[in-house]
Amino acid sequence: METFNDLFEETLKDIYYAERAILKALPKMAKKASSSKLQAAFTKHQKETEGQVQRLEKVFEIIGKRARGKDCPAIDGILEEGQEVMKEAEDDTIRDAAMLAAAQAVEHYEISRYGTLIAWANKLDLSDAAQLLEQTLEEEKLTDASLTALAESEINVEAEQADGEREEDRSRRAAGGRRK
């Protein structure tokens with residue numbers, strides 16, 4: 001990588017890989033979600049992500065390159081962490097909270113990448129590319145905000161309530177098991 005154009009292209013490949021990896025993960029996350037609202041959020045974002053991939057392909061066209069990704073260890077790690085919690089969490093409400101947190105980690109990664117790409121596209125006088133990337137950035141910000149709202153209004157509340165109920169059950173069992 002020798003030029004600013006090369007840097008832009010390499011970062012574009014990175015986010016293209018990330019978006020396609022996210023497309024594979026979202027249906028699994030939707031299937032594992034016990035909350036119908038979380039399931040709907042994952043399904044909605046899957047459809048948005050399909051459009052985001054298409055916009056990235058247009059950006060590749062604008063710069064005269066073939067759309068292709070390059071391995072992105074950052075997104076692989078975030079997605080792997082999400083898969084681990086889907087397997088490890090025994091309680092549905094805890095799994096939902098963990099998956100939502102993993103989804104937000106993905107959103108934050110995407111927001112940072114798109115912000116960078118927009119700034120670079122503007123510096124490179126690629127205004128059409130910048131517009132396409134800006135559209136995706138706005139979607140990512142809205143998704144992050146809706147996930148935050150869902151976490152605060154439902155998912156985290158239910159996880160904490162379930163935690164309290166488990167603690168009460170443990171206390172009752174411990175008290176019932178003592179001899180006087």
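A nonpolar core is a set of buried Ala, Val, Leu, Ile, Met, Phe, Trp, Tyr and Cys residues joined through side-chain atoms within 4.5 Å. The views below come from a predicted model.

**View 1. The largest nonpolar core.** This core has 45 residues. Those with the most contacts inside it are Phe 8, Leu 12, Ile 15, Leu 38, Phe 42, Ile 75 and Leu 133.

**View 2. Ile 15 and its partners.** Ile 15 is among the residues with the most contacts inside the core. What does Ile 15 touch, not counting residues up to four places away in sequence? The partners are Leu 56, Tyr 109, Glu 110, Arg 113, Tyr 114 and Leu 117.

**View 3. Helix H1 against helix H2.** Two packed helices are described by the angle between their axes and the distance between the axes. H1 covers residues 4–32, and H2 covers residues 36–62. Their axes lie 9 Å apart, at an angle of about 155°. Angles over 145 degrees count as roughly antiparallel, so H1 is roughly antiparallel to H2. The crossing of the pair is left-handed. In the contact of H1 with H2, 15 residues are nonpolar, six are polar and six are charged.

**View 4. Helix H3 against helix H4.** Here the axes come within 9 Å and cross at roughly 175°. H3 and H4 are therefore roughly antiparallel to each other. H3 brings Ala 74, Ile 75, Ile 78, Leu 79, Gly 82, Val 85 and Met 86 to the contact. H4 brings Arg 95, Ala 98, Met 99, Ala 102, Ala 105, Val 106 and Tyr 109. How do the residues of this contact divide? Twelve are nonpolar, one is polar and one is charged.

**View 5. Leu 126 in the loop between H4 and H5.** Look for Leu 126 in this loop. Is Leu 126 buried or exposed? Its relative accessible area is 16%. Buried means under 20%, so Leu 126 is buried. Leaving aside neighbours within four places in sequence, Leu 126 is in contact with Phe 8, Ile 62, Ile 63 and Ala 121. Leu 126 and Ile 63 are 63 residues apart in sequence. In space, their C-alpha atoms are 8.2 Å apart.

**View 6. Asp 125 in the loop between H4 and H5.** Asp 125 is also found in this loop. Asp 125 has a positive phi of about 60°, although it is not a glycine. Its relative accessibility is 69%. Exposed means over 50%, so Asp 125 counts as exposed.

How values were computed: Residues are numbered from 1 along each chain as its sequence is written. This is a predicted model: local features need pLDDT of at least 70, side-chain atom pairs count only at pLDDT 80 or more; totals for chains, interfaces and linings use all residues. Side-chain values use heavy atoms; hydrogens and water are left out. Axes are lines fitted to C-alpha atoms, for helices over the stretch in contact, and angles run from 0 to 180 degrees between N-to-C directions. Helices (H or I, at least four residues) and strands (E, at least two) are DSSP runs, numbered from the N terminus. Angles under 35 degrees count as roughly parallel, over 145 as roughly antiparallel, 65 to 115 as roughly perpendicular and the rest as oblique. A crossing is left-handed if the near helix is turned anticlockwise from the far one by less than a right angle, and right-handed if clockwise. Ala, Val, Leu, Ile, Met, Phe, Trp, Tyr, Cys and Pro count as nonpolar, Asp, Glu, Lys and Arg as charged, and the others, Gly among them, as polar. Buried means under 20% relative accessible area, exposed over 50%, partly exposed in between (1.4 Å probe, protein chains only). Contact means heavy atoms within 4.5 Å.
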